[in-house]
Amino acid sequence: MTVHFAHILDKLGGIADRLRQGGMPDVVYQWTKGISEEGLIELEERLQTPLPASLSELIKRCGSLHLLWCLPQHCIVADEADCSYESGNDLKQEPNILDDITGEFGWNHEYISYFTSYGENTDSAADEQRYLILNYNGAGDPILLDRATSAIEPAVFCYEHEVDQFTLLAESLPAYIETMLALHGLWLWDWSNVSDEHGIQLDSPPLRLWQRWLDTFCTMKLEDAPSLETLIHYTTMHGVDHPAVLHAFQAYDPKDIFLAWKQRIQHNPAPFATWAFFIGETAGIGAADWVRSLWKPDTNAAQAWNPSASINIHAERAFVPTRAYLSARCLPEQEGLENVYDDLMQHTGKDGKLDGYTVSGQLQHFHSPQVIDWMRDKANHPVDGWAILFAYSRPAAEQVIEWLSGSELHQKIATEALDIMIQRDLLPTLEADVWASISNLLHASLQLVMLKKDKRRIEAVLEQLSDLNLR
């Protein structure tokens, strides 16, 4: 046995531990023991060819391995170290940024088989036996060994099925694994900017950025953020989901928090919605005047920070719901609601109706029972979006009972909303007699509905409510 991978499990275990301790959420690290010599012989007999030496060593040491992780929600993988300013507002060099990334690395001996791409001419046996599958990425694209490059140490490719294209990842399996170890299992959905004719290049600027960012991520702790600026830096990396992060911002004036974000954001290429989320969660009322400015006519996402910026259609599509979210977080409730109400009513469909998903996307962040009263005469089919909005608007018991006592449409919305509230732990604490009234109304609806899917939904809600009452 060769020694290509003598310490691979120790290295990968150390990487998984480092990511967990650094604060990376949802790290999954699993492996199985290596296959036996008999299993290897059986596999090679099935393939009718010996495996490359490094591959046979790898699966004898470890039959399958999966390292998976995802970045904290809303975090920004950016490098501002090389970004300087000649004057207060003139950017000398654009900061680098990585997006659309995840962590997934591994192999599985059960996947090892021949692969034929959809666009290849496979008339010959050599074509049919050219590629050996090592693993699949999250999009279902195979990671392959190309035996045409070398019978001893084949190069490693990824076949991208959507574009029918092979991307060279490394010139050999050991080189591929060493690269993935250095990147801690990073997977890019587009390797073109970081690879050349030799495969992935660790010294490419984006991957150097990734390694610098990851080192900081894994070592920087919340207690290492004694100032507002360092706290904001920490937040861009770790997000704001942890209560301790939000608590740390309470030491600062909301207006100072907003101004600090604005100074950091003004020339950063991260999506507007990401920055808006940080501001909404940490600055709140401190950003009220800025949020009011977003409601001025002809304001768009590209110009929210920089009036001279060009307009990006994708950013524009995200701007309206993001502005609504900011209104919920940063404005007094009634002011924010009225702004969103007015805008929605100005953008009804040709039939004069509102789309439930569109309305829900803009109003659910308010978590306000007022919304339920407002939508009463505007709800329509399909009910799904309206039910989501009802569930997230923290309905009072009287509202639930009123809708379950109303029209067939209102009953459907309230029933589906109850299902959502149960599944997502949004149910309020109510007295036993209130739950009895709701249960009675659901039983009455069950006798009237005609469609089987509606009956099944009501029955499911009743069953879940019964289970909750028994706890």
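Student: Let's pick a spot to begin. Where is Pro 25 found?

Tutor: Pro 25 lies in the loop between helix H1 (8-22) and strand S1 (28-33). Helices (H or I, at least four residues) and strands (E, at least two) are DSSP runs, numbered from the N terminus. Bear in mind that this is a predicted model: local features need pLDDT of at least 70, side-chain atom pairs count only at pLDDT 80 or more, and totals for chains, interfaces and linings use all residues. Residues are numbered from 1 along each chain as its sequence is written, and side-chain values use heavy atoms, with hydrogens and water left out.

Student: What does Pro 25 touch?

Tutor: Not counting residues up to four places away in sequence, Pro 25 touches Cys 70, Leu 71 and Pro 72. Contact here means heavy atoms within 4.5 Å. Pro 25 and Pro 72 are 47 residues apart in sequence, and their C-alpha atoms are 6.2 Å apart in space.

Student: Is Pro 25 buried, exposed or partly exposed?

Tutor: Pro 25 counts as partly exposed because its relative accessible area is 26%. The cut-offs are under 20% for buried and over 50% for exposed, with partly exposed in between (1.4 Å probe, protein chains only).

Student: And how much of the chain counts as buried?

Tutor: Of the 471 residues, 46% count as buried. The chain's secondary structure comes to 20 helices and 13 strands.

Student: Which residues of H16 are buried?

Tutor: They are Gly 385, Trp 386, Ala 387, Ile 388, Leu 389, Phe 390, Ala 391 and Tyr 392. That is eight of the nine residues in helix H16 (residues 384-392), which is mostly covered.

Student: What covers them?

Tutor: The cover includes helix H14 (356-363), helix H15 (369-375), helix H17 (397-404) and helix H18 (408-423). Just after H16, Arg 394 takes a positive phi of about 50°.

Student: New topic, aromatic rings. How many aromatic pairs are there?

Tutor: The count comes to 21 aromatic pairs. Rings of Phe, Tyr and Trp (its six-membered ring) pair if their centres lie within 6.5 Å; planes under 30 degrees apart count as stacked, over 60 as edge-to-face and the rest as tilted. Trp 210 and Trp 213 form a stacked pair, 5.7 Å centre to centre with 20° between the planes.

Student: Where do Trp 210 and Trp 213 lie?

Tutor: Both are in helix H6 (residues 205-219), three residues apart, about one turn of the helix. Trp 210 counts as buried because its relative accessible area is 0%. Trp 213 is buried too, with a relative accessible area of 4%.

Student: Which pair links distant parts of the chain?

Tutor: Phe 272 and Phe 319 form a tilted pair, 5.7 Å centre to centre with 45° between the planes. Phe 272 is in helix H10 (residues 272-282) and Phe 319 in helix H12 (residues 313-330), 47 residues apart. Both Phe 272 and Phe 319 are buried.

Student: Which residues do ring pairs link into a cluster?

Tutor: That cluster holds Phe 115, Tyr 131, Phe 157, Tyr 159 and Phe 166.

Student: What sits over the ring of Trp 295?

Tutor: The charged end of Arg 323 does, 3.8 Å from the ring's centre. For this, NZ of Lys or CZ of Arg must be within 6 Å of the ring centre and within 35 degrees of the ring normal. The charged end of Arg 376 likewise sits over the ring of Trp 403, 5.8 Å from its centre.
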